[in-house]
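Let's take a friendly walk through this structure together. Have a look at it first, and then read on.

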Amino acid sequence: MTWKIALFIGLVGLLMLVVSAYLTRRARLLAAGRPIDVEAMRADVGTALDRDDPATAVRIYRQHTGAGLLEARKAVDQIGRDRR
């Protein structure tokens, strides 16, 4: 009986991962189709960098652009260098 419960929990976890990946991809595709207000995005990212919160800056950049994590991190680093 316990192996059945463990199998069920594992399958539910796997299903949750697949659904999460699907929704993330869909959100990125939707974000890619809308225009990006570059000035507003830079201002929001700059505010987060001023607070010394690079993780929030990366999150904000990703929300505005739909970029991946590595691409967003590099872009935020560049924005930080440009602001100096």
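Trp 3, Leu 7, Leu 11, Leu 14, Leu 17 and Val 18 make a nonpolar surface patch of about 660 Å². Patch residues have over 30% relative accessible area and no salt bridge, with nonpolar side chains (Val, Leu, Ile, Met, Phe, Trp, Tyr) joined within 5 Å. Accessible areas come from the Shrake-Rupley method with a 1.4 Å probe, and only the protein chains shown count as cover for residues. Val 18 sits in helix H1 (residues 2-33); helices here are DSSP runs (H or I, at least four residues), numbered from the N terminus.

This is a predicted model, in which local features need pLDDT of at least 70 and side-chain atom pairs count only at pLDDT 80 or more, while totals for chains, interfaces and linings use all residues. Residues are numbered from 1 along each chain as its sequence is written, and side-chain values use heavy atoms, leaving out hydrogens and water.

Now turn to two other helices. The axes of H2 (residues 38-50) and H4 (residues 69-83) come within 10 Å and cross at roughly 80°. Axes are lines fitted to C-alpha atoms over the stretch in contact, with angles from 0 to 180 degrees between N-to-C directions. H2 is therefore roughly perpendicular to H4, a label for angles of 65 to 115 degrees.

A salt bridge (a side-chain nitrogen of Lys or Arg within 4 Å of a carboxyl oxygen of Asp or Glu) joins Arg 83 to Asp 50, their closest N and O atoms being 2.8 Å apart. This pair links distant parts of the chain, with Arg 83 in H4 and Asp 50 in H2, 33 residues apart.

Notes: Angles under 35 degrees count as roughly parallel, over 145 as roughly antiparallel, 65 to 115 as roughly perpendicular and the rest as oblique. Patches are made of residues with over 30% relative accessible area and no salt bridge: like charges are joined within 9 Å, nonpolar side chains (Val, Leu, Ile, Met, Phe, Trp, Tyr) within 5 Å.
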